[in-house]
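Hi,

Here is the structure I said I would pass on. Have a look at it first, and then read my notes below.

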Amino acid sequence: MGERPYVLLSCAMSVDGYIDDETPRRLLLSNDEDFDRVDAVRATCDAILVGAGTVRRDDPRLLVRSRERALERVARGLPPSPAKVTLTATGDLDPGAAFFTAGDAEKIVYAAPAAVAKLDGRLGGAAEVVDAGAPGADGGTDGTVGAIGTGGTGGTVDLGRVLGDLYGRGVRRLMVEGGTSVHTRFLREDLVDELHLVVAPFFVGDPAAPRFVGVGEFPRDRDRRMDLAEVRKMGDVTLLRYLLT
């Protein structure tokens, strides 16, 4: 694949592995101490990546919240917040989403070939649209594991092309924040260097709710275990930090 950024995947989940429930209100799995930790990690990164399903479902701002951290970045010659990156196979993105409207960070949409023209018209300059397709593969919808990898008809987003392009733009440290399809693709393709997994002390128990990862073959199986580098208690949640390199 060539040179690529260091990839840090960050996720909070319930004890039984869910990252949300099926209610209209977003499920808060973490607490203020962990939110501040995530903000500190964001401030060390060059870009933050989420899938289009996360943009639609959670409407994240993806900004560095701490004014002090933002000013420290500016003092180092960086923008206040990292660049925002999303992936889409269908082009179903709303230009009014906070991903596009919040903050002045660079915004990049990596799209499957069939979605590029649609996005150029829909976004109207709100973000740079990049064809990162793997033509000929099956497509899917942005809400499933197949969305950016193995399901539909318009081709798919090639993560190797995405990471290579980001590296060429100067991104050396990439934070991946969801959702299920994105986590699954990065981990199945062995593209994660560090995993931050926060566990909340309750159960969701809804088979229709999104989980941390989907099904599939993962290179980090029982014969190739991850290295547990840190365990940290933060109030009632626990951070497990794994190294995969």
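A quick definition before the notes: contact here means heavy atoms within 4.5 Å. Also keep in mind that this is a predicted model.

I'd start with strand 4, residues 107-111. Are its residues buried or exposed? Five of its five residues are buried, and that goes for both faces: Lys107, Val109 and Ala111 lie on one side, with Ile108 and Tyr110 on the other. Strand 4 has a parallel partner in strand 3 (residues 83-88), joined over five bridges, and Thr88 stands opposite Ala111 there. Strand 5 (residues 128-131) also pairs with strand 4 in the parallel sense, over four bridges; Glu128 in strand 5 is the bridge partner of Ile108. Between strand 4 and strand 5 comes helix 5 (residues 113-123), and the three make a right-handed β-α-β unit.

Beyond its sequence neighbours within four places, Tyr110 is in contact with residues including Val85, Leu87, Val130, Val162, Leu166 and Arg169.

Next, helix 6 (residues 159-168). Its buried residues are Leu159, Gly160, Val162, Leu163 and Leu166. They sit on the same side of helix 6, because the arc they cover around the axis is only 160°. What do these buried residues pack against? The list is strand 1 (6-14), strand 2 (47-51), strand 3, strand 4, strand 6 (173-176) and helix 7 (180-188). At the start of helix 6, Asp158 has a side-chain oxygen within 2.8 Å of the backbone nitrogen of Gly160. After the helix comes Gly170, with a positive phi near 95°.

That brings me to helix 7. It is largely enclosed by the rest of the structure, since eight of its nine residues are buried: Thr180, Ser181, Val182, His183, Thr184, Arg185, Phe186 and Leu187. The cover over them includes strand 1, strand 2, strand 3, helix 6 and strand 6. Asp190 follows helix 7, and its phi is positive too, near 60°.

Cheers

Notes:
Residues are numbered from 1 along each chain as its sequence is written. This is a predicted model: local features need pLDDT of at least 70, side-chain atom pairs count only at pLDDT 80 or more; totals for chains, interfaces and linings use all residues. Side-chain values use heavy atoms; hydrogens and water are left out. Buried means under 20% relative accessible area, exposed over 50%, partly exposed in between (1.4 Å probe, protein chains only). Helices (H or I, at least four residues) and strands (E, at least two) are DSSP runs, numbered from the N terminus. Two strands pair if DSSP finds at least two bridges between them. A crossover is right-handed if, with the strands pointing away from the viewer, the path from the first strand over the helix to the second runs clockwise. The arc is that of the directions from the helix axis to the C-beta atoms. A polar contact is a pair of N or O atoms within 3.5 Å; within protein, one must be able to donate a hydrogen and the other to accept it, and residues adjacent in sequence count only if both atoms are side-chain atoms.
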